[in-house]
Amino acid sequence: MSRVRIGIFLVAAGFPGRPQGRVLRDCVEAIAVAEEAGFDDAWIAEHHFMSYGVCPSAATLAAVALGRTRTIGVGTAVSVLSTQHPVALAEQAAMLHHLSGGRFTLGVGRGGPWVDLEVFGTGLERFERGFAESLDLLCRALEQRTVSAEGEFFRFREVAMVPAASMRPVVACTSPETTRLAAARGLPMLLGMHVDDAGKAAMLAGYDAARPPAPGAAPPGAARHVAAVVGYVADSTRAAVRELKAAMPRWLEPGLDGYVPVDGRRRPVRDVGEYVDFLTGVHPVGDADHCVETIRRTREATGLEHLILMVEGAGEHARTLENIRRLGAEVLPRLGG
């Protein structure tokens, strides 16, 4: 069995009392420390107008991190495609690809029916009906030297892509519809922290079932899917769970309240205590032995070869850095092929 790839996942979590500019600078330092600790890559989330995540441009933060590092891969998890022009995003991705020597990966997602759509003027219709068109235009802009559009949401003459690149995005999938869309285009999925191993396995099976047969194509399951999980190591599993249960609600309670629907629809409400219980119960949160065993179990149950660990759960930056270093020293060396 090949070596599992392990990265870190940074939400740029706005814990109470932490200055937002400091959070962003701390993310860059965390990525540099992750490089030293031996992680394969680091992935950055994008959110708007909320404390859940205070990074409104994952590509911008990725650019800074790529400039401060030399070997670690950096990706967006995700850049929200529903509020950006696909060609403009492709231009940014191409620049980062060339400037980093190929270390950048673009992850994109549909996003949600939030007020972002109103502020940026893209509208609910493009969110609800236009994701496939946006994704297809993005892929053409990342793969071709010229691009044009004759769709419902994008119409423009042929233009040159400068700089041109050869890239394929990763697509965040939380629904069967988006899973089928990614499968039809042969794009790898990014799976979220909110699903357990059984849920991840079901989404992977759905992807394989929707993947159209093609002569000479790689077999189902060969795409390099990525899955986000919480990762936190302590001296004992009881201590790790206790620390996250004490810290994470302070961030999640106000953070999740920041999701404001654009059209007055009722926002889904999650019981924060139950959610933290779930996260600490199914993900690698514990002593080093428990973390290693949990990652191995996820790999065996799903076949996933690439996990990214959300490392900010304890809230304090010093503890985040300690967590990254301990994961690198106590967990990563035991996950070889």
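**Reading rings, a helix and a patch**

Modeller: Let's start with the rings. This is a predicted model, and in it Phe15, Tyr52, Trp114, Trp251 and Tyr259 form one aromatic cluster.

Colleague: How many aromatic pairs are there?

Modeller: Rings count as a pair if their centres lie within 6.5 Å. By that rule you get five aromatic pairs. One of them is Tyr52 with Trp251, stacked at 5.0 Å centre to centre, with 20° between the planes.

Colleague: Where do Tyr52 and Trp251 lie in the chain?

Modeller: Tyr52 is in the loop between strand E2 (41-44) and helix H2 (58-68), while Trp251 is in helix H9 (residues 237-256), so the pair ties together parts that are 199 residues apart in sequence.

Colleague: Are Tyr52 and Trp251 buried or exposed?

Modeller: Buried means under 20% relative accessible area, and both Tyr52 and Trp251 are buried.

Colleague: Now helix H12. What span should helix H12 have?

Modeller: Count 1.5 Å a residue: the 15 residues of H12 (residues 317-331) should span 21 Å, and the end C-alpha atoms are 20 Å apart, which agrees.

Colleague: Which residues of H12 are buried, and what covers them?

Modeller: Among the buried ones are His317, Leu321, Ile324, Leu327 and Val331. Their cover includes strand E1 (5-10), helix H1 (20-37) and helix H11 (288-302), along with strands E12 (232-233) and E14 (306-310).

Colleague: And on the surface, which residues form a nonpolar patch?

Modeller: Phe49, Val119 and Phe120 do, with about 290 Å² of accessible area together. Take Val119, found in helix H4 (residues 116-119): its relative accessible area is 47%, and since exposed means over 50%, it counts as partly exposed.

Methods. Residues numbered from 1 in each chain as written. Predicted model: local features only at pLDDT ≥ 70, side-chain atom pairs only at ≥ 80, totals over all residues. Heavy atoms only, no water. Patch = residues over 30% accessible without salt bridge, like charges linked within 9 Å, V, L, I, M, F, W, Y side chains within 5 Å. Areas by Shrake-Rupley, 256 points an atom, 1.4 Å probe, with all protein chains shown as cover. Salt bridge = Lys/Arg side-chain N within 4 Å of Asp/Glu carboxyl O. Helix = DSSP H or I, 4+ residues; strand = E, 2+ residues; numbered from the N terminus. Buried < 20%, exposed > 50% of the residue type's maximum accessible area, 1.4 Å probe, protein only. Expected span 1.5 Å × (residues − 1). Contact = heavy atoms within 4.5 Å. Phe/Tyr/Trp six-rings, centres within 6.5 Å; stacked < 30°, edge-to-face > 60°.
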